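The following note was prepared for a colleague who wishes to examine the model alongside a written commentary. Please read the points with the structure open.

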2 protein chains.
Amino acid sequence: MDVAKLAGVSVATASRVLSGSRYKVSERVRERVLKAAAELHYVPNAHARALVGSGSKTVGVLVHDVTNPYFTQVLGAIQRVAAEMNRLVLIGSSDRDPERDLSFIHMLYAHRVEALIIAASGIDDLSFAQRMTRSLELFTRSGRRVVFINRHHVPGDCVLPDNFGGARALGQLLVKLGHRRIGIITGPERLTATRDRFDGLRHALEEAGIPLPPERVEPGEFSRDGGYRAAQRLLDRVPDLTAIAALNDLMAVGAIAALRERGIAVPRDVSVTGFGDLFFAREIMPPLTTVHIPLEEMGVRAMKLALSPAGPQIRVEHIPLEVVERESTAPPPAAARGA
Amino acid sequence: MDVAKLAGVSVATASRVLSGSRYKVSERVRERVLKAAAELHYVPNAHARALVGSGSKTVGVLVHDVTNPYFTQVLGAIQRVAAEMNRLVLIGSSDRDPERDLSFIHMLYAHRVEALIIAASGIDDLSFAQRMTRSLELFTRSGRRVVFINRHHVPGDCVLPDNFGGARALGQLLVKLGHRRIGIITGPERLTATRDRFDGLRHALEEAGIPLPPERVEPGEFSRDGGYRAAQRLLDRVPDLTAIAALNDLMAVGAIAALRERGIAVPRDVSVTGFGDLFFAREIMPPLTTVHIPLEEMGVRAMKLALSPAGPQIRVEHIPLEVVERESTAPPPAAARGA
DNA sequence: AAAAGGCGAGAAAACGTTTCCAAGGAAAGG
DNA sequence: CCTTTCCTTGGAAACGTTTTCTCGCCTTTT
């Protein structure tokens, strides 16, 4: 090491002072080494450190889309905790492509991240789940932690927002308001988040004895434009809806835009709900009734799980979800109520 | 290496087939190695690879806030390009704390990232700029690339959105609409982006002979709530404004909320403009007149710069900015026009 | 004063790869 | 059939750290 040479000591002692080792070094030598390091602007090579076994000081995070506020909120919290512990965050953004997910898992393992947080949503696909389980064995077998956010068909510790319960409560709100003809804009088929939210809504309707024929259910892409187009299709097919529940906020925004374009007032003619309570939900017009997901808290919890040693049993952190009622919902118009 | 042992070859040959080296290996041996690797779920250790000199296959990105749509848009583009080249992205999110910026630069250097993209905004602080320059010498001296996004007081290649020109055009639009009493919500003092945008607006007003007394200028934090509070202060002090220009979209959203609360109609009574054209700008009510910044393109360009070898001279990619006129602006009310 | 003990510093191994160098074998040419 | 050349493979060094082991010196104790 150059620093050692300049300070006139062995690399061993230089390392001892620079790495904050528990071994002792005399004050005189320590100072000389520090001075030499400062002079050379020495920055230890993290790869060499990682190689010799002291860990890589990095955490891997896998998301679907770094651009999506849902994930960035979680990511922000993870990043904050990581910075506090002097860790760096490696991200993989798979664009919802399962192959990319797997490929990122391998890349992150190649970098021997201390822990891996999978914030991407789970999907209902057996063969994929199996492949993922196998890839993640790389981590677990080497004593590394893997933490999921959301429900996955893969065994492991996880932070689990109660999508079902939140959606059920939201459905109950619509029912209580008096809606009986409710349309639902779902998300990509096989996402567990979509499934759970849909099931929650359906459950609430069933409990109230409200029918949900298939034509009132329309899949959309999890984006503003996806919601816009899905709402168009839904309205073309079932013009007499009094409420539209979109399975995320972005799609709800699109749905509101579609309604506005047709001159349908929200919430006077049609109520709209979202899911997630992303930051823009209360800024749009009308402010969106939705289900709040405490994303920062989930990120922090996931980090806590990731940085604590694995226990003998799987740990699950349940996150209850609350409905937040704003101005995009109201009782259905009198005409509809009478019907 | 375990794989070599299982395949019954030397580590050298195993490495040759697994690393896609240019050295030749007979087909028979290659197959045996591949089979052994698959059987053991072998994933090469990136740290060892990086150490021996073939680069770390990572790119570092420094942002102010992973949660801010401005940065995530850029980050998304960077991430996409990186994935295409089989690179992983290491992020540092400094929360606008210069010390953290520097600390991240060192951490990223410790990981010997191939290139560093500084997406955080520059600040007008001499001693900080000098310290940053010195820290970045670590990179440049070792032949690593550093690319800036936005104007920084540090020499280096950069992608430079024309904040000044965009703001000037925006100011000209307000002037053309007939506004003469314009308030400005600025951002954090020393951010170069803030300065440039402010200067652009001021320039446009000066050109039109429109006064801009200091009481019409109010600093705000670069957030929705910052804009909200700044608008409150501005309205308390100067109630007769006909337009408010916020230096970013988030603050404009806050300003609109403040106006709405006071029963002031936008744009009928007061026009509002933002800056950035983030995805929510056209979703809010009324859709926001703002300046479009092609963030994805900037991210891609930054990556291109970062991945191309350094040239003899500094390279600057100028990005022109366009005003997009939506419904948050209109001519001032007749009463004001008459005055 | 001598022995024992403790403390600080250096030598060297180890981490997992890549790559240079050398060697062995087969093919080709004389 | 022998020699030369090319092609494939193995050995070993190197990358930059940390850490274990060992050694020597100084201090303390008897």
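1. The structure is a predicted model, and local features are described where pLDDT is at least 70. Totals for chains, interfaces and linings use all residues.

2. Surface near DNA strand C. There are 27 residues around DNA strand C. Those that come nearest are A:A12 and A:K24 from chain A, with B:A12, B:S15 and B:S19 from chain B. Helices α2 (11-18) and α4 (46-54) of chain A, and likewise α2 (11-18) and α4 (46-54) of chain B, each supply at least two residues of this surface. By class, the surface near DNA strand C holds 15 nonpolar, nine polar and three charged residues.

3. Surface near DNA strand D. Around DNA strand D there are 29 residues, of which A:A12, A:S15, A:S19, B:A12 and B:K24 come nearest. Two or more residues of this surface are given by each of α2 and α4 of chain A and α2 and α4 of chain B. The residues of the surface near DNA strand D divide into 17 nonpolar, nine polar and three charged.

4. Contact between the protein chains. How many residues of chain A are in contact with chain B? The contact involves 34 residues of chain A and 34 residues of chain B. On the side of chain A that touches chain B, two or more residues come from each of α4, α5 (69-84), β2 (88-93) and α6 (98-110). That side comprises 20 nonpolar, twelve polar and two charged residues.

5. Strand β2(A) is joined to strand β2 (residues 88-93) of chain B by three bridges, and the two strands run antiparallel. Within this pairing, A:V89 has B:I91 in β2(B) as its bridge partner.

6. Four-stranded sheet of chain B. In chain B, four strands form an open sheet in the order β7-β6-β8-β9, with parallel pairing. Its edge strands, each pairing on one side only, are β7 (217-219) and β9 (271-273). From one strand to the next the twist averages 15°. Four bridges link strand β6 (residues 182-186) of chain B with strand β8 (residues 243-246) of chain B, in the parallel sense; B:I185 stands opposite B:A246 in β8(B). Helix α9 (residues 192-207) of chain B lies across β6 and β8 of chain B and runs at about 170° to β6(B).

7. Strand β8 of chain A. Strand β8 (residues 243-246) of chain A directs A:A243 and A:A245 one way and A:I244 and A:A246 the other way, and all are buried. Strand β6 (residues 182-186) of chain A pairs with β8(A) in the parallel sense over four bridges, with A:I244 as the bridge partner of A:G183. Strand β9 (residues 271-273) of chain A runs parallel to β8(A) and is joined to β8(A) by three bridges. In β9(A), A:V272 is the bridge partner of A:I244.

8. Helices α8 and α9 of chain A. The axes of helix α8 (residues 163-177) and helix α9 (residues 192-207) of chain A come within 7 Å and cross at roughly 35°. The crossing is right-handed. Among the residues of α8(A) in this contact are A:F164, A:L170 and A:V175, and α9(A) contributes residues including A:R197, A:L201 and A:L205. The contact divides into eight nonpolar, seven polar and four charged residues.

9. A:P312 and A:I293 are 19 residues apart along the chain, and their C-alpha atoms are separated by 29 Å.

Methods. Residues are numbered from 1 along each chain as its sequence is written. Chains are lettered from A and ligands numbered from 1 in the order in which they are written. This is a predicted model: local features need pLDDT of at least 70, side-chain atom pairs count only at pLDDT 80 or more; totals for chains, interfaces and linings use all residues. Axes are lines fitted to C-alpha atoms, for helices over the stretch in contact, and angles run from 0 to 180 degrees between N-to-C directions. A crossing is left-handed if the near helix is turned anticlockwise from the far one by less than a right angle, and right-handed if clockwise. Two residues are in contact if their C-beta atoms, placed from the backbone, lie within 7 Å. Ala, Val, Leu, Ile, Met, Phe, Trp, Tyr, Cys and Pro count as nonpolar, Asp, Glu, Lys and Arg as charged, and the others, Gly among them, as polar. A residue is near a molecule or strand if its C-beta atom, placed from the backbone, lies within 6 Å of it. Two strands pair if DSSP finds at least two bridges between them. A residue is buried if 20 or more other C-beta atoms lie within 10 Å of its own, exposed if 12 or fewer, and partly exposed in between; C-beta atoms are placed from the backbone.
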